[in-house]
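Notebook open, structure loaded. I'm jotting down what I looked up, one entry at a time.

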Amino acid sequence: MIDNKNNYSLIIVGAGPAALTASIYASRYNLDHLIIGEAIGGLAFEAHKICNFPTEIEIKGAQLVEKIQKHVESLGNPIVADRVVGIDHENDGFKLTTQSNKKFFSKTILLAPGTRHRKLNLPNEKQFIGKGLSYCATCDAMFYRDKIVAVIGGSDSAHTASLYLAEIAKKVYQIYRKDRLRGETLWINQVENNNKIEVIYNTEISEIEGKDKIKSIKLTNPYKGEDKIKIDGLFIEIGTVPQKALIEELSLETNEAGYIKIGIDQKTSKKGVWAAGDITNGANNFRQIITACSEGAIASENIFKFLQEKK
Ligand SMILES: Cc1cc2nc3c(=O)[nH]c(=O)nc-3n(C[C@H](O)[C@H](O)[C@H](O)COP(=O)(O)OP(=O)(O)OC[C@H]3O[C@@H](n4cnc5c(N)ncnc54)[C@H](O)[C@@H]3O)c2cc1C
C-alpha cells in the first residue's frame, strides 16, 4: 500500500532485517516514514537455514523475512521496491532520488543498505557468473543435483552453503586458505562429519577454467604446490563488503574497512543521517540478523527523540 505522499519525517533506505525492524519501531513512535529497499529481506533472504534467531529453532531465511515483512505491512507501512541512487540536502532535510527517477523528501534518513558479496577478484570470475559460478547457494544449489561443486570460504556462510549443497550434490569440496575453519562450532562439526564434504585447508583458488561453463579450478597450496579439481559448480562464500555508493554520496565517516562509523545511538557523522545493520561498525562488528534488528530499533528510537526535540 503506497500513498501519493512523498514527504516524510523518516525515510529508511534498505529492506533487510535492520530496515524492517526500524520501521516496526518507527510505527510504535507513530513516525510517518517510508521504506525504500531494492530486495526485500536483503542477505537474510539467502540464508538456507537460520538456527540462531530467538523463537525460531530452525527456519529458512526466506520464511523469516516473510514473517518480518508481514509484521511491517500489518502496521500499514509502505515498502517501495526501488534503489536509492542519489541523496541531496534540500532545505532542512534531504531529497532522495531512486533508480526509477522518483523523488522523495525526508527530514531524516536511516541508511540500512547492508553489504554485498566479496568477489575473489580472479581475472575471469565475472565471465562465469551464471555459468557455474554463484554467490548464493540457497538460490542456485538446485542446479547441481548429483554434480560436483566447490565452496570457497571458511566461515558460517561457507559452512551453511556446503551443508545445503551436500543435500543435493554428489560431492562438495570446501576450500579454505587457513588451517582451521572458523565460525559457529555447531556448523563446523556438521561440516567435518558430513561424508559428502571434503575440506581442503591451506589452499587458495588461483584460476577458474572452462569455456562456456566452469570445468575445473586450479588450486595453490604453499606446502603441496598446485592442484586441479574438476567441478560443475563454484560457490564463493568469502564474506561481504559494505555497499559504498550512498556512503560516498553523503561523505560519511567510515572505519578502515569502509563500514559507517556510528555512535551508540546509531548516529553517523552527518546531521540527520543514522545507519543500522551490516553497513555499520556497530554491534562489535558482529554482523547478524539479531544485531541488525537491534541497531534498527535503536536508530528509530533516537530519530524519534531527535524529531521531538526539533518541534
Ligand atoms: C548465506 C548467508 C547466511 C546467513 N546466515 C545467517 C544466520 O544463520 N543467522 C544470522 O543471524 N545471520 C546470518 N547471515 C547474516 C545476515 O543475513 C545479515 O547479518 C543481515 O541480513 C544484515 O541485515 P541488514 O538489514 O543490515 O542488511 P541486508 O540484509 O544486506 O539488507 C540490505 C538491504 O538494503 C537494500 N539496499 C542496498 N542498497 C540499496 C539502495 N541503494 N537503495 C535501496 N535499497 C538498497 C538491499 O536490497 C536490502 O534490502 C547470513 C548471511 C548470508 C549471506
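**Entry 1: a buried asparagine**

I started with N302, which is buried at a relative accessible area of 12%; buried means under 20%, exposed over 50% and partly exposed in between, with a 1.4 Å probe and protein chains only. Before going on, I noted that this is a predicted model, where local features need pLDDT of at least 70, side-chain atom pairs count only at pLDDT 80 or more, and totals for chains, interfaces and linings use all residues. Residues are numbered from 1 along each chain as its sequence is written, and side-chain values use heavy atoms, with hydrogens and water left out.

N302 sits in helix α7 (residues 289-310). Helices (H or I, at least four residues) and strands (E, at least two) are DSSP runs, numbered from the N terminus. Leaving out residues up to four places away in sequence, I find N302 touching D265, K267 and W274; contact means heavy atoms within 4.5 Å.

**Entry 2: α4**

How many residues of α4 are buried? I get 9 of the 11 in helix α4 (residues 156-166), so the helix is largely enclosed by the rest of the structure. Among the buried ones are H159, Y164 and L165. Their cover includes α3 (137-140), β9 (148-152), β10, α5 (185-192), β11 and β15 (233-236).

**Entry 3: the sheet**

Next I traced an open sheet of 5 strands, with parallel pairing in the order β8-β15-β9-β10-β11. Two strands pair if DSSP finds at least two bridges between them. β8 (133-134) and β11 (197-200) are at the edges with a single partner strand each, so one side of each has no neighbour in the sheet. I checked β10 (residues 171-175) against β11: they pair in the parallel sense over 4 bridges, and Q174 is opposite V199 of β11.

**Entry 4: a hairpin**

β13 (residues 214-221) and β14 (residues 225-230) run antiparallel, joined by 6 bridges. They form a hairpin with 3 residues between them, and N221 stands opposite G225 in β14.

**Entry 5: two helices**

Last, I looked at α1 (residues 17-28) and α2 (residues 61-74), whose axes come within 9 Å and cross at roughly 30°. Axes are lines fitted to C-alpha atoms, for helices over the stretch in contact, with angles from 0 to 180 degrees between N-to-C directions. L20, S23 and I24 of α1 make the contact with I68, Q69, H71 and V72 of α2.
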